[in-house]
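I opened this notebook to keep track of what I looked up, entry by entry. The notes follow the order in which I turned from one place to the next.

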Amino acid sequence: MLIATDAAVKEAQRVMEVCNACRYCEGVCATFQAMALRRTFSGGDLDYLANLCHNCTACYHDCQYAAPHDFDINVPVALADLRVDSYTRYAWPGFLARAFERNGLITAVVTTISITVLLALAMLFINASTLFGQHVGPGSFYKVVGHGLMVATAGLTFGFAILAMIIGGVRFWRATGGGPLKLRNLLSAGHYAATLKYLDGGHGDGCSTVDDRASNLRRIYHQFTMWGFLLCFAATCVATVYDYGLGLVAPYPFFSVPVLLGTIGGVGLLIGPVGLVWNKLKSDPRPLQLKHFGMDYAFLGSLFLVSLTGLLLLAFRETSAMGVLLIIHLGFVLGFFLLLPYSKFVHAVYRFAALAKFAGEKR
């Protein structure tokens with residue numbers, strides 16, 4: 001694993017020591033409750049606190065030591081720096097961890113290459129009458145791209161992404177002293193994550209905005225994004241059962257379970273990412289780490305484009321545009337899977353682990 005940058009660690013340590021002496025924000029969120037249980041802060045403690053932070057910025061707007069005070073305390077920025085640094089250090093394999101540093105550019109390049117290569121291969125190896133033909137009924141997708149090739153490509157890339165994130169999560173858990181996993185702590189973490197409890201600003205009214213007012217919009221857009229992704233994943237799982245368990249071949253009717261789940265989830269993945277980008281653009285820039293926004297925008301853009309191309313494919317699947325739309329959609333999916341362990345998505349893994357550790361500490 002890579003070593004945390006001294007500057008990020010020292011600043012997070014300084015900020016946490018001042019906050020621990022003050023404790024005005026102790027009731028704001030889980031980060032400050034966990035902080036109050038400590039007198040000193042090791043590297044593992046700081047990584048834990050950084051990933052427990054949801055960046056609601058309430059502490060910044062409540063802080064009496066924020067700039068222009070000489071202490072210049074800015075908890076959201078200090079923990080965001082260390083949080084992104086932790087993504088790199090716990091990533092597996094290590095030689096791919098640098099993808100975090102220029103994530104926006106790398107995401108654009110990998111996605112463009114994926115689509116270009118797939119389109120080029122389609123033009124070379126798929127007959128024009130097949131690629132641009134009109135295919136209707138079960139198995140129509142597989143007339144353009146073979147079932148085995150589609151499953152192997154998606155399965156291998158997604159399988160690698162899952163493996164890489166599990167290894168990264170285990171590294172994080174060990175480094176932060178997570179200890180034995182307990183079911184009740186995992187259930188509590190699931191509740192915190194599902195409700196996005198710690199995006200409520202500590203008072204239930206949501207994250208602080210530029211004029212110190214509170215708003216739940218960021219929490220709502222996160223819900224659209226999170227549940228949209230989970231519904232799309234559920235649609236894929238149900239379609240797998242249909243295919244291998246029931247012998248039903250895609251594409252499925254519109255009112256079938258996988259299509260309904262995927263459609264609802266896809267709409268959520270259009271609304272959520274757009275809303276989150278809009279919310280970032282109008283947020284107070286002082287407690288935000290703008291230099292990390294490229295990673296955020298790249299991830300949200302990928303989710304949006306995967307969803308958009310999927311919904312277009314659904315809408316035009318019985319027309320002559322289906323073949324090209326299928327290839328483009330698969331290109332976006334492939335690029336998304338390849339970069340999944342090195343994108344903002346990993347924050348879900350580390351934050352869930354931090355929430356599980358916090359649930360244990362609360363008890």
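**Entry 1**

I began with Thr57, which sits in the loop between helix H3 (43–52) and helix H4 (58–62); helices (H or I, at least four residues) and strands (E, at least two) are DSSP runs, numbered from the N terminus. I noted that this is a predicted model, in which local features need pLDDT of at least 70, side-chain atom pairs count only at pLDDT 80 or more, and totals for chains, interfaces and linings use all residues. Residues are numbered from 1 along each chain as its sequence is written, and side-chain values use heavy atoms, with hydrogens and water left out.

The phi of Thr57 is near 70 degrees, a positive value in a residue other than glycine. Thr57 is buried, with a relative accessible area of 6%, where buried means under 20%, exposed over 50% and partly exposed in between (1.4 Å probe, protein chains only). I found that Leu196 also has a positive phi, about 50 degrees, although it is not a glycine. Leu196 lies in the loop between helix H10 (183–195) and strand S1 (207–208) and counts as buried at 10% relative accessibility.

I then looked up the cis peptide bonds. The bond from Trp92 to Pro93 is cis, with omega near -10 degrees, and Pro93 is in the loop between helix H5 (75–90) and helix H6 (103–125). The bond from Ala250 to Pro251 is cis as well, with omega near 0 degrees, and Pro251 is in the loop between helix H11 (217–246) and H12. I wrote these cases down because most residues other than glycine have a negative phi, and most peptide bonds are trans.

How many disulfides does the structure hold? I found zero disulfides, a disulfide being a pair of cysteine sulfur atoms within 2.5 Å. The sulfur of Cys29 has its closest cysteine sulfur in Cys56, 5.8 Å away, which is too far for a bond. For Cys207 the closest cysteine sulfur is also in Cys56, at 5.2 Å, again too far for a bond. Cys29 counts as buried at 10% relative accessibility, and Cys207 counts as buried at 6%.

Ser215 lies in strand S2 (residues 214–215). Leaving out residues up to four places away in sequence, I listed its contacts (heavy atoms within 4.5 Å) as Asp205, Gly206, Cys207 and Thr209.

Arg286 is in the loop between helix H12 (257–282) and helix H13 (293–315), and it is partly exposed, with a relative accessible area of 47%. With residues up to four places away in sequence not counted, Arg286 touches Tyr60, His61, Asn74, Val77 and Val210. The C-alpha atoms of Arg286 and Asn51, 235 residues apart along the chain, are separated by 20 Å.

**Entry 1: helix H14**

Is helix H14 largely enclosed or open? I found 15 of its 18 residues buried, so H14 is largely enclosed by the rest of the structure. The 18 residues of H14 (residues 322–339) should span 26 Å at 1.5 Å a residue, and the end C-alpha atoms are 26 Å apart, which agrees; the expected span is 1.5 Å times one less than the number of residues.
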